[in-house]
Amino acid sequence: MKLASVAHALRAIESLTLETLICFVTLASAIKNDIILTQEATYDPLLPPLHLPDSILTFLCSACSLLLDSVRTCWSELANSIWSDEFTLKGSHMKLFEDYGYQHAAMTFYPLYKMCPDRECDRHKKGLRLSKAQQLRAVYFSSHDGAVPAYSISMQCEGCSTTYHHNYKVVGEDQIYYDFVDGLPDVLQVASHYFVDTRIGQLWKTMMHTACVSATNCARIYNSAMAQDNQFPPGWKFSPMVTMDHVWDMFIIMSLLDDSRRRQQALVVQQKIEQALRFQHQMALRNQCMRAYGQPLARRHHCVKCTRLYKGPNDQYTSVVRVIVVDGVMIGRPCCSISYCTNSLHSVNDRFCPTHMTNHGHECVILGCSRQAVHGGKTCSDIAHKAVEELHALRGQSRFQLQERLERSRAVHSHPLLVESDDDGAHSDEGEQDFTVKSQKDRRTLRAQFGRNRTCCEVLIVLPCGLIWKRTTMYKAEAVGAVATFIKQSFPDPMTRPTHIFYDNNCSLAKHVKDDPFFKDIGLSVDVFHFNCKHSEADTFCQENCNPAAFPELTGNNGTWYFNSSACEQANAWFGKYNSITQGMRPEKYDFFLDEMITCRNEVTLEKLKKGKCKPSTWPLLNTFE
């Protein structure tokens with residue numbers, strides 16, 4: 001009877017076609033939030049209003065080519081269906097919304113809540129809806145329609161003064177993101193006036209992980225391949241072009257929200273702080289967790305490729321063999337020029353951290369010279385030191401000319417996926433450099449540091465199955481003492497502690513840890529490749545103690561090697577490609593980015609292990625260590 005009544009009422013509308021009816025339902029559903037915003041505070045948003053405001057009626061009349069009475073009739077008969085269903089604007093319907101919508105904005109982003117969810121709030125107790133709204137012009141980077149104009153609507157509760165936005169609420173000075181239990185929302189707000197489709201953010205992240213594409217090139221690819229030539233209304237002052245900052249903000253927000261969801265905690269950042277520093281504290285907290293526990297997918301992992309139940313001579317299971325591979329890779333970031341200082345720089349272009357800048361910031365750049373540099377220069381008044389500065393300037397001019405040639409060559413033979421740095425500027429004179437200075441009496445070689453310093457390398461712990469367990473930054477050199485400390489800190493849990501370690505410098509490591517009880521029952525051998533190619537047969541200690549052939553548990557039943565001792569070299573071939581991207585990053589962002597890339601790689605690797613029937617599993621969790 002209900003359908004018959006609706007059909008009878010709609011049949012009375014002249015020239016009403018099925019296409020027009022679908023258009024009406026789709027557009028009316030798309031503006032439900034706009035309809036709610038015009039209602040009184042006591043209105044129940046779960047029910048459709050009996051009457052539409054004049055502005056909505058005018059829009060539907062124009063977009064659907066219907067008379068005013070016809071729109072009222074359609075709403076009267078179809079309101080309940082429209083209110084209970086969700087329809088998505090696509091194709092021709094999106095175009096109609098752009099042509100006839102409010103000031104031609106294609107999208108409007110509303111808060112998640114229509115009523116303040118705080119049960120202690122007076123307005124919540126009275127059942128009053130959020131009604132104090134603020135509207136801002138914005139740009140939405142979509143996956144289908146490119147960059148489109150949009151509006152951002154925020155609603156303030158007049159009872160508790162909480163302001164609700166599309167993805168988060170602002171309480172006092174805290175910006176608290178909603179609990180996205182079922183996964184990330186379809187759209188994320190990356191800045192006050194910019195929104196990004198989550199699928200685009202996932203695409204950028206995948207490009208970074210699989211192809212080591214920089215944020216700059218992610219933005220270029222979107223602007224050239226996906227932005228489309230959408231017309232923005234006159235006076236829309238916000239650029240429709242994706243920038244490097246948009247890509248980084250999207251990457252950081254997505255990664256932090258995923259991490260918060262896994263830990264079942266809300267993501268809270270400071271609201272009244274500049275965008276570049278807003279997420280720094282949360283990134284630092286995440287970095288601390290990674291340093292303490294390692295990668296979540298790897299730290300309790302075991303499978304047939306990295307763990308072996310070893311049978312002894314009597315064909316009896318005698319032990320569980322757990323193997324790790326350790327190696328360093330040349331990738332770094334700016335750091336203080338004082339050896340082993342781990343303090344952050346005030347600016348990535350500084351030579352010293354704030355602590356050491358006071359005493360060393362104006363010293364002569366010649367190493368070993370503690371005199372003050374002359375005004376306007378970088379060296380002291382010593383003639384030889386001034387000659388070094390002049391020689392450095394000449395080198396810089398020659399380098400600049402060669403750099404110009406390189407850039408012209410790149411312009412002629414350009415490639416869209418050319419890896420570029422997201423640094424503020426190139427620093428070709430980083431680190432220490434040697435200069436030969438001639439005089440009438442002698443010839444001297446002086447070492448100087450004109451530019452900023454960089455960390456030495458990253459050391460990775462990789463399982464033979466390919467999962468990366470942990471990484472750490474070496475500031476001055478890949479010293480065996482530092483590597484030994486890193487290994488000990490990475491395995492506090494006896495359940496996951498390795499029984500064998502592959503490391504290309506294990507002959508030195510074995511001597512260093514010979515009296516360390518942690519390494520008492522751990523085999524130390526050089527990986528097969530380096531042992532055959534880079535370790536001398538004349539080194540008796542290495543041949544007797546670090547030869548992988550001396551450990552029968554490393555050999556498979558068919559005489560081949562059971563474990564992949566080159567797993568770290570293979571990981572380094574991928575990991576080292578990020579050097580040009582990270583060379584100008586601050587410590588918090590550097591650690592956060594690299595750890596997130598490792599997490600992405602581990603997710604892919606774990607899926608391969610599952611499909612490859614490698615029986616991946618996890619050791620029991622011991623609360624003592626996590």
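Helix 4 (residues 54-64) and helix 5 (residues 68-84) have axes that come within 9 Å and cross at roughly 105 degrees; axes are lines fitted to C-alpha atoms, for helices over the stretch in contact, and angles run from 0 to 180 degrees between N-to-C directions. The two helices are therefore roughly perpendicular to each other, given that angles under 35 degrees count as roughly parallel, over 145 as roughly antiparallel, 65 to 115 as roughly perpendicular and the rest as oblique. The model is predicted: local features need pLDDT of at least 70, side-chain atom pairs count only at pLDDT 80 or more, and totals for chains, interfaces and linings use all residues. Residues are numbered from 1 along each chain as its sequence is written, and side-chain values use heavy atoms, with hydrogens and water left out.

**Contact of helix 4 with helix 5**
- Helix 4 and helix 5 cross at roughly 105 degrees, and their contact (heavy atoms within 4.5 Å) is made by L57, L60 and C61 of helix 4 with L68, V71 and R72 of helix 5.
- By class, the residues of this contact are five nonpolar, no polar and one charged. Ala, Val, Leu, Ile, Met, Phe, Trp, Tyr, Cys and Pro count as nonpolar, Asp, Glu, Lys and Arg as charged, and the others, Gly among them, as polar.

**Overall composition**
- The protein comprises 21 helices and 21 strands, taken as DSSP runs numbered from the N terminus (helices: H or I, at least four residues; strands: E, at least two).
- Of its 626 residues, 47% count as buried; buried means under 20% relative accessible area, exposed over 50%, and partly exposed in between, with a 1.4 Å probe and protein chains only.
- Among contacts between residues at least 6 apart in sequence, 66% join residues at least 24 apart.

**Cysteines**
- The structure holds zero disulfides, a disulfide being a pair of cysteine sulfur atoms within 2.5 Å.
- For C23, the closest cysteine sulfur is that of C64, at 3.9 Å, which is too far for a bond. C23 is buried, with a relative accessible area of 7%.
- For C369, the closest cysteine sulfur belongs to C380 and lies 3.8 Å away, again too far for a bond. C369 is buried as well, at a relative accessible area of 12%.

**Strands 14 and 15**
- Strand 14 (residues 433-438) presents Q433, F435 and V437 on a covered face, and D434, T436 and K438 on an uncovered one.
- In a regular strand the side chains alternate between the two faces of the sheet.
- Strand 14 runs antiparallel to strand 15 (residues 443-448), and six bridges join the two; strands pair if DSSP finds at least two bridges between them.
- The bridge partner of Q433 in strand 15 is A448.

**Loop residues**
- T455 is located in the loop between strand 16 (453-454) and strand 17 (457-462), and is buried, with a relative accessible area of 5%.
- Leaving aside residues up to four places away in sequence, T455 touches I331, G332, R333, C335, T473, M474 and Y475.
- Q264 has a positive phi, near 60 degrees, in a residue other than glycine. Q264 belongs to the loop between helix 10 (244-263) and strand 9 (268-270) and is exposed, with a relative accessible area of 74%.
- K613 is not a glycine, yet has a positive phi of about 60 degrees. K613 sits in the loop between helix 21 (587-611) and strand 21 (617-618) and is exposed, with a relative accessible area of 74%.
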